Amino acid sequence: MLSGDEFDVEARLVINAAGAWGDRVCELDEPGAPEKLHLTKGSHIMVPRGRAKTENAMPVVSPSDDRMMFLIPRGHFSLIGTTDIYYHEDLDRPFATKDEVEYILEAANCALPRAHLDKGDIISTYSGLRPLVMQEGGEDVAASAVSREHRIYEGHSGLLTIAGGKLTTSRSMAEEMVDMAARKLLKEHGVRAVTGCRTKNNPILGTPAPDTVARVRALSTKLSFDDDILKGLFKQGTDALQVLAMIDKDASLAGRLSPEVPYIKAQVRFAAESEMAYTVDDFLVRRTEIYYTAADQGLSVAPIVADLMAQVRGWDDKEKARQLDAYRETVALSRRYLE
Ligand SMILES: Cc1cc2nc3c(=O)[nH]c(=O)nc-3n(C[C@H](O)[C@H](O)[C@H](O)COP(=O)(O)OP(=O)(O)OC[C@H]3O[C@@H](n4cnc5c(N)ncnc54)[C@H](O)[C@@H]3O)c2cc1C
């Protein structure tokens, strides 16, 4: 997608774990294949924590339809949502609509009568699509009532598709899928692919080793980092030590992106070199929370991020400008509810 190049990849077995795009991959494999998924959109809003007037996580019930949502404190902000509505539009660009934002605000203001939240309080919004297994009754079933179970399908070509599920079941879904693929490889190709589950007891990447916290704290004190930077580094687990090691080689990387944004330049460099951040969007939306939590959604630091990433990615001025335009578009999408 980055370059637009096309090439062939050969494999004995292909697993389609494309989430909301699962049906599209099945269609490529088998034109006209019956759809397996219902997509429902969920949108959230983010407001400053002080404006929500609560320090606690709490349920928020919609007075329009009695659906339960949640308010969750997250750093200096409160996240409120989510909606749950059937979706048939562009899979790549879902956004929170005016109706959704009003629905969330109405529910939040019922739960927090002193807050008087309105659109002007919203820092950011975001939307995602739930890939849910299609079930009997179609869209007559309320979106929130569609089962979150998962299923594995085998296409005529042998393509294995895993659909549905949740983040909380992803570990067991992966195990079931890989075990099934291993059985199929053995039966059909005589390939012994996996001998038992090898990942079950692996620590998650970046999980702090026992002495990491002390080492990160000591190095941060030496570099006189503010508390908010230190907290952010802790979230990177053992990777924080690699971020700090970059500063040994280039002291300018210790600088903050801005007084308001709690990240240092080394974290941009690390994301580009070691976390597969290929676009400014990758860094501001997916490797950090800047897009969600900065008052201007990171627009003011985006040029600094583009300059730092350009050093790793070899971008020229034209590419940097394209990256910044793409980021401005992403931010504009999250503010479409204002139109
Ligand atoms: C608003 C919302 C709230 C949710 N809340 C919860 C919750 O509270 N608890 C919970 O457990 N779950 C929750 N979920 C569900 C959970 O987020 C999803 O079930 C989960 O993220 C789906 O993971 P996945 O790996 O199947 O799909 P994805 O995470 O979408 O991964 C699919 C990947 O496939 C890639 N892809 C697409 N097409 C292709 C292609 N042609 N070739 C190669 N790659 C491709 C995509 O880029 C993507 O990276 C929520 C979802 C939403 C939207």
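Q: Which residues of α9 meet which ones in α12?
A: Val 280, Asp 281, Leu 284 and Val 285 in α9 meet Gln 323, Leu 324, Ala 326, Tyr 327 and Thr 330 in α12. Contact here is C-beta atoms, placed from the backbone, within 7 Å. Helices are DSSP runs of H or I with at least four residues, strands are E runs of at least two, and both are numbered from the N terminus.

Q: And what should I know about the model itself?
A: It's a predicted model, where local features need pLDDT of at least 70, side-chain atom pairs count only at pLDDT 80 or more, and totals for chains, interfaces and linings use all residues. Numbering starts from 1 along each chain as its sequence is written.

Q: Back to the helices: at what angle do α9 and α12 cross?
A: Roughly 35°, with the axes coming within 8 Å. Those axes are lines fitted to C-alpha atoms over the stretch in contact, and angles run from 0 to 180 degrees between N-to-C directions.

Q: Which residues touch the most other members of the largest nonpolar core?
A: Val 47, Ile 104, Leu 284, Val 305 and Met 309, out of 50 residues in that core. A core is a set of buried Ala, Val, Leu, Ile, Met, Phe, Trp, Tyr and Cys residues joined through C-beta atoms within 7 Å. Buried means 20 or more other C-beta atoms within 10 Å of a residue's own, exposed means 12 or fewer, partly exposed is in between, and C-beta atoms are placed from the backbone.

Q: Which helix gives the most to this core?
A: Helix α3, residues 98-111, with six residues.

Q: Why does the core lie between the domains?
A: Because domain 1 (38-133) and domain 2 (212-338) both give residues to it. The domain bounds come from an automatic or database domain assignment.

Q: How far apart are the C-alpha centres of the two domains?
A: The centres of domain 1 and domain 2 lie 26 Å apart. Across the boundary, 15 residues of domain 1 are in contact with ten of domain 2. On the domain 1 side, β7 has the largest share, three residues.

Conventions:
Two residues are in contact if their C-beta atoms, placed from the backbone, lie within 7 Å.
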